[in-house]
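These are my notebook entries on what I looked up in one model.

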Amino acid sequence: MSSGSGSEGLASGVGQIHLSTERDWNHRPPIAYGKEFGPIHLLAENLPHDLEDLVNALPEWQRNMPVVRLAFESAISENTVDDEPDAPPIEVRNDVDDEITPPWEFHYSNRMWHGKGVPPPDVKNLRGCDCVGACNPKSLTCACVKRQRKFFKDEPGFSGFMYDEKGRLHLEYAGYPIFECNDLCQCTDDCRNRVAQLGRKCMVDIVKTPNKGWGIFARHKIVKGTYVGIYAGELLKDDEGEERGKIYNQFGRTYLFDIDFWYIRKAKGKHGADWQPYTVDAYHAGNNHSCDPNCLINACYINEANIDKPLMTLFTQRDINENEELTFSYYGDPDDDAVPVAAGAGSSGADSVYRRCECGAPKCRGRLFN
Ligand SMILES: C[S@@+](CC[C@H](N)C(=O)[O-])C[C@H]1O[C@@H](n2cnc3c(N)ncnc32)[C@H](O)[C@@H]1O
């Protein structure tokens with residue numbers, strides 16, 4: 001992908017190398033093109049945990065000092081600044097009890113950390129477009145528009161991209177996968193088909209709720225269709241997700257989500273009998289569930305050609321008010337037979353654990369998979 005100022009050093013794009021050494025904090029970190037391009041392949045076994053261990057080793061009175069909250073907020077910024085340099089800092093607030101921060105269990109990250117046996121990102125089959133400037137959703141030649149259109153044979157009015165000109169998700173197409181332009185594309189940073197990869201722009205905070213633990217809250221109004229974040233963490237094979245699900249059920253809390261979108265199931269077709277979705281074990285204080293959610297999770301592909309491994313991107317699906325909690329449904333698409341996406345494997349087994357749902361929606365189901 002070329003920089004917003006044009007394609008200096010990128011006369012013919014792929015095959016050329018463009019490496020910037022200076023970081024411009026208004027743009028994404030430098031990316032190597034062409035021959036230098038390779039997948040970011042992070043292994044779960046290398047997840048950093050030094051800071052978390054350090055804090056957890058502190059005596060309780062020290063762990064509860066307000067300065068620890070600042071350390072938590074700084075750790076979030078530090079871990080995510082490379083991926084979303086424009087993201088407003090996240091604050092941690094608690095007016096409910098004395099807990100200073102969410103538990104220091106997780107390395108807060110925007111990335112996918114690959115578990116045992118999970119293949120690295122498939123960039124061999126990744127195709128970039130060779131558009132000059134920003135891609136045109138009406139283009140008949142842009143490889144990314146073509147890839148996106150493949151899914152919309154039955155939608156005559158489809159605009160060509162999942163995002164409108166302001167970078168907001170076309171909510172009428174929610175549920176269809178998003179194929180963003182990627183690092184092999186020649187289009188510019190201001191291409192409308194680059195949204196999740198540029199990171200969060202809205203202001204959100206981590207706030208303690210009276211009955212659902214910590215949640216994510218809007219610090220100001222957020223327009224519907226806005227990108228909020230990635231449900232990131234460890235990407236696990238089915239059997240490992242299954243094992244973790246059993247353990248989490250004992251604690252009555254889970255961060256597991258199966259990547260089980262309808263179009264993946266459809267793509268697997270009759271050969272899909274043995275197919276098992278990957279599971280994400282999310283690594284941050286995630287959004288809480290609501291039976292009437294104001295956000296949704298949509299699959300999104302950027303530098304990944306493996307259809308089994310989308311990013312789980314979160315978008316607002318209604319206009320959000322200041323201080324409103326951002327929630328999504330752990331049960332996935334309401335039209336999708338209420339198959340839970342949360343709780344991962346084990347959720348439908350004999351050891352499933354339910355708890356009372358505290359979402360407060362008039363049409364609340366009353367219970368929640370843990
Ligand atoms: C992915 S975590 C969300 C963050 C969590 N609140 C925390 O403090 O870490 C999921 C857990 O949050 C709690 N939770 C989320 N939504 C809830 C709801 N609507 N009612 C009750 N508990 C909820 C449950 O304990 C659930 O297992």
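I took the expected span of a helix as 1.5 Å times one less than its number of residues. Helices (H or I, at least four residues) and strands (E, at least two) are DSSP runs, numbered from the N terminus. The model is predicted: local features need pLDDT of at least 70, side-chain atom pairs count only at pLDDT 80 or more, and totals for chains, interfaces and linings use all residues. Residues are numbered from 1 along each chain as its sequence is written.

**Helix H5.** I looked up residues 238-251, the 14 residues of H5. At 1.5 Å a residue they should span 20 Å, and the end C-alpha atoms are 20 Å apart, which agrees. Among the buried residues of H5 are Glu240, Arg244 and Tyr248 (buried: 20 or more other C-beta atoms, placed from the backbone, within 10 Å of its own). The buried residues of H5 pack against strands S8 (233-236), S9 (256-258) and S10 (279-282) (contact: C-beta atoms, placed from the backbone, within 7 Å).

**Sheet.** I found five strands in an open, mixed sheet, in the order S2-S5-S6-S14-S11. Strands S2 (91-93) and S11 (288-289) stand at the edges with a single partner strand each, so one side of each lacks a neighbour in the sheet. S11 and S14 (residues 325-328) pair in the parallel sense over two bridges (pairing: at least two DSSP bridges between two strands). Asn288 has Thr327 in S14 as its bridge partner.

**Contacts of Cys129.** Not counting residues up to four places away in sequence, I noted that Cys129 touches residues including Cys135, Cys144 and Cys187.

Note on methods: A residue is buried if 20 or more other C-beta atoms lie within 10 Å of its own, exposed if 12 or fewer, and partly exposed in between; C-beta atoms are placed from the backbone. Two residues are in contact if their C-beta atoms, placed from the backbone, lie within 7 Å.
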